[in-house]
Amino acid sequence: MIDMIEKEDPVISEEEAAQYDRQIRLWGLDAQKRLRGSRVLLVGLGGLGAEVAKNLILAGVKGLTLLDHEQVHASEESCRAQFLVPVTARGQNRARASLERAQNLNPMVEVHADSDRVEDKPDDFFLQFDAVCLTGCSRDLMVRVDQLCSQRNIKVFCGDVYGYYGYMFCNLGQEHNYVEEKPKLVKPTGNSNDGPEAKKAKVDPNETTMVKKTSSFCTLKEALEVDWTSEKAKAGLKRTPVDYFLLHVLLKFRTDKGRDPDPQSFAEDSQLLRQIRDDVLEALAVSGDLLSDDFTSYCFSEMSPVCAVVGGVLGQEVVKALSQRDPPHRNFFFFDGRKGNGVVDFFGPK
Amino acid sequence: MVQLVGSLRKELADSLSTCKVLVVGAGGIGCELLKNLVLTGFKNIEVIDLDTIDVSNLNRQFLFQKKHVGKSKAQVAKESALQFCPTANITAYHDSIMNPDYNVEFFRKFVLVMNALDNRAARNHVNRMCLAADIPLIESGTAGYLGQVTVIKKGMTECYECQPKPTQKTFPGCTIRNTPSEPIHCIVWAKYLFNQLFGEEDADQEVSPDTADPEAAWKPEETAARATASEKDGDIKRVSTKDWARSTGYDPVKLFNKLFKDDIMYLLTMDKLWKKRKAPTPLDWHQLENSACPQEDSPVSGLKDQQVLGVWGHCQLFQQSVETLSSQLQEKGEGAELVWDKDDPPAMDFVTAASNLRMHIFSMNMKSRFDVKSMAGNIIPAIATTNAVIAGLIVLEGLKILSGELESCRTIFLNKCPNLRKKLLVPCILDPPSANCYVCTSKPEVTVKLNVHKTMVLSLQDRILKERFGMVAPDVQIEDGKGTILISSEEGETEANNSKFLSDFGIRNGSRLQVDDFLQDYTLLVNVLHTEELERDVEFEVVGEAPDKAPPPQTNQEEVNSITNGNKDSAQPSTSSKGQLQFLNKGKFVSHHSSSSSDLKQQLEHGIN
C-alpha cells in the first residue's frame, strides 16, 4: 500500500512544520509525509503498548487504532502499569481508558479505541492498515495475523516485555523497499582551462544521495520454527542469542496458562517456567544448559524502563518501515535489561 | 523466599519508595525519565530545568502539550507526571542547577542524581557537585538516532571530566574574513555581521577583510608590516561597523555594496590568496536588480523554508531584514543591542541572506533557510524514540546502583545499526578514574600556556577558568608567598583587577595560581607557562592536550560519543541562543559499527558557532 505514489495532499501545514521540525531535520520531509499518510493498528495497551502508542502518535502517523479487550485491573500495580490510563479508570476497557491521553499527545493524529478481541475481527478488518503491531498476544494469534497481513503487504510487528526481558519481531514482506542516505562522492574534475594550479569550486561536503534498497522477510511461523537438529544449526548455536529460546518458553507459558508469569504466584510460576524451559529446549533438540534457572526471577511483570527501551526500538522500526527510509532491523531485536544488551538477529529460512 | 513487587525484589521496591532522587533537566530525556521513574515506583523525585516549553519540543517532550508553550518545563513535567501517579512526591524547580542555592548540602539529600542535560557547562558543574557530595551520577545524552548512558561514582569510575573532550570547532579569523571555502564559514561570518551591525560588537567577530592574513603575504616580512599597519588603521575601517552603518542610516543597498562588492574587490587585490583558490566574484546591486527574472510561481511541494532562493531573492531578503532589524534597533533607543536568535524571523532572515550572498560570491551552492537555520542555530535533530530508550537505560542503571550492584553498572551506547557483533545496544565496562584528571584526583593540577603580558585578569576568569575549566565562581590566589588575591568570587571585590594584565601582578613563567570554586568544592592548581608564540587567534593552550581546532581522527564508536552529549557549551536555556557551541565527547571504547556515516557527519558538523 505504501509503495504507491503519495496520494495525499503534498503540502505540509505550518503547524506540522513547526511541531515536527526536529524530526524532519533527521529523517526528511518525504519520510514525514509518508508517516502522515499511514494508518497503524496497535493491539494491546499494556506497558509496551502504551510506549508504542506514544511513539507513533508523536511521530505523526495519520491514524492509530488502539485495540484491547482487557479491562484496567483493580490493583495498585495496574495504575502504574502504563501512563495513558488514568488512576480513576479501574474496571474500564483498557483501550478506551487510554484514548484521551493518547489523543492529547498529538491532536493531529486520528486516534481510535476499539474494545473487541483481535480473534473476533474479520480478515478484512486488517486491510485498512499499513502496519499492524501486536503486543500481549498468544503465539497462535500472532502467527495467524502475521500470515494474514503480510500476504496483503501490510507490515507486521510483534513485541512483548517480560520483566527485564523484551523482544521485537517484524515481517515487512518478501520485498520491502526503502532508501538509505549515503554521502555523495565528490569527483575532482580537472579542467585545463582553469590553469594547472586552479582548483574547481568545492562541492559542499555534506551533500548526500538516496540509494534504493530492498530487504526480504520471512513469516513469524518460519522464524519460530527454525530446525535446530541440523549440523549447521548446531554449529551456529554458539553465536545465537539465548533470548530466542527464552521467547519460546515465555510464549509457551502464555499459551498454557492464558496469562503471563504473575508476581502474586511467584513460587508456582517459577517452577512452571523451569519445567516449560526443560520441555521446550528438549523439543527443539538443543541443550538444557542454554537457559539457566536465573531467568525465572526476572521475567515477571512488565517493567517500565524495559517497556521504554523495547517500545522505543519497536516504535522506531514502525516509523522506518512506514517511511521506507533506512535499513530495517531484520528480523528480531532482543533486549536483556539486566545486562543492558540489545541484539538484532535473523531467525528463519536462509 | 524471593518476594516480588511487580518485577522487583521487595527490598529494592521498598527502597525506591523511600529514597530521594534528582533529575537535572526536563526536556527530551527528562520527560521520558520522569515517566519511567514514577512508573517504576520511585516516590520522591526532584526535577530542575531553567527552560520554558517551545512548540518544537512537542514532537518528543510528551509531558507537554500545545497549551503549555511558554510555561516552565520543570513545573509542567511535574504536573503531567502526577496525573499518572498522584501519590508521587515531585518537587519542581524552574531554575539553573548552577545557582549557588544548590550547594553540596542540597546534593547530599539524594541517593542518586540523573542528568538529562543538553550542555557541557551544566554537566561539568553537576559532575563536580556529585563528586563533592559523593553521590552516584548517571550521565546521558542523545542526538538523532544515537545515544549513550554512563555511571559516574567517585573513586570508582571516571568522572565526566576525566577524558579531555575536544572543545567546539572554531575557524581561524582569516578563513571567516578572507577565504571561506564551506557554507559554515559564510554562516559564521553572517552571524558575526549581525552582531557588528545590530548586536554586541566583539573584537573577535571581525567581518572586514583581514589585511594581516599571513597567507596574503608574498614575503614573510610583509605579514608583520601589514599587521602593524592594520593595528594602526583598525583593519581598514576607522570607525566601528555599527557606527558606519548608522551613518548611512542602515541603507541596505549601501551596506550591500560595501560588504558584497567593495570588500570583495579589496580581497581580490590580495592576489596571493587566489593563486590556488577560486577567486570571489563581487556582486553589484543594480546589475542584479536589472537582470532578475520575474518570480516564477512554482508549486511548493516542500516546506517553504526548504526552497533555495536565487541571488536576487537573497538580495531582497537582505534588504527586508536590514530594514526590519534597523527599525527594531531604533525603537529600542540609544545604546541598544539586539541578540541573535534563530527563532526570531528577521534575525534568521538576515543570516540566511547574508550567508547565501557570501556563498554565491565564493562559488558555493546556496542553501535553504531550513539548512542555514540548522547550522546557524546549532540544531540537533531529535526524536522521541531515542530519548525513550536512553531514559529506560538510565532507570535500569539506577536500579543497579540502588541494589548495591555498582560493579554491574555499564556505559551503554545506542547505535543506529547493529555492529558486527549484532549489537544495537552496546554495554561496556566502566573505566576507573584517570590519574591525570584535573577534576577528580586528590590534588588537581594543570599547566596553561599563555602570554602574561597580553592576558587580562578578566580573560583568565571568563575564558580560562569558567569556560575552559568549568568553574562557576572562581577565587584565585597567587602563590607568591604573600597570598595575593587576584580574583574574588564576591561581586565587586576585585573588579579593579579585571582589565589589568597578569604580568602586572608579578605573574610570570613558572608562577602558580591556586584556584578555588567553593560551590563545587574544587581546588585547582594552575601552573603558568609564559610564551610569546601562540597560534593566531589562540589566547591560551592547556599543556598536554590536543589543540582545539582539529579533533584527532576518531573511530566510529567515538564518533557516536562525539555528538550525543548536547550541542551547547553554555548553560543558557534553549530559548536563548547566546553562546551556542558544539559539545563533543571523545569516548574511549572502540567498537565497529556499520551505520551510514553521512548522518553522523552531518550531526558532527552542525552546531558550529
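What percentage of the 350 residues in chain A is buried? In this predicted model, for which local features need pLDDT of at least 70, side-chain atom pairs count only at pLDDT 80 or more, and totals for chains, interfaces and linings use all residues, residues are numbered from 1 along each chain as its sequence is written. Chains are lettered from A and ligands numbered from 1 in the order in which they are written, and side-chain values use heavy atoms, with hydrogens and water left out. Buried residues make up 58% of chain A, where buried means under 20% relative accessible area, exposed over 50% and partly exposed in between (1.4 Å probe, protein chains only).

Chain A contains 11 helices and 10 strands; helices (H or I, at least four residues) and strands (E, at least two) are DSSP runs, numbered from the N terminus. Of the contacts in chain A with a separation of 6 or more, 69% are between residues 24 or more positions apart, a contact being heavy atoms within 4.5 Å. The accessible surface of chain A is about 14,700 Å², 48% of which belongs to carbon and sulfur atoms; such areas come from the Shrake-Rupley method with a 1.4 Å probe, and for residues only the protein chains shown count as cover.

Chain B holds 18 helices and 16 strands, and 58% of its 609 residues are buried. Residues at least 24 apart in sequence are joined by 69% of the chain B contacts between residues at least 6 apart.

Strand 9 (residues 410–414) of chain B has 4 of its 5 residues buried. Strand 9 of chain B runs antiparallel to strand 8 (residues 146–152) of chain B, to which 3 bridges join it; two strands pair if DSSP finds at least two bridges between them. Here B:Gln148 stands opposite B:Phe413. Strand 9 of chain B also pairs with strand 10 (residues 423–429) of chain B, in the antiparallel sense over 5 bridges, and B:Ile412 has B:Pro427 as its bridge partner.

Chain B also includes an open sheet of 6 strands with mixed pairing, in the order 13-12-14-15-11-16. Strand 13 (485–487) and strand 16 (540–542) of chain B each have a single partner strand, so one side of each lacks a neighbour in the sheet. From one strand to the next, the twist averages 30°; axes are lines fitted to C-alpha atoms, for helices over the stretch in contact, and angles run from 0 to 180 degrees between N-to-C directions. Within this sheet, strand 11 (residues 445–450) and strand 15 (residues 522–530) of chain B pair in the parallel sense over 6 bridges, with B:Thr447 opposite B:Asn527. Helix 16 (residues 457–468) of chain B lies across strands including strand 12 (474–478) and strand 14 (512–517) of chain B, and runs at about 65° to strand 13 of chain B.

Elsewhere in chain B, the axes of helix 10 (residues 252–269) and helix 12 (residues 311–332) come within 9 Å and cross at roughly 120°. The two helices are therefore oblique (angles under 35 degrees count as roughly parallel, over 145 as roughly antiparallel, 65 to 115 as roughly perpendicular and the rest as oblique). Residues of helix 10 of chain B that meet helix 12 of chain B include B:Leu255, B:Phe256 and B:Leu259, while B:Phe318 and B:Val322 are among those on the helix 12 side. B:Asp263 also lies in helix 10 of chain B and counts as buried, at 9% relative accessibility. Leaving aside residues up to four places away in sequence, B:Asp263 touches B:Pro209 and B:Lys258.
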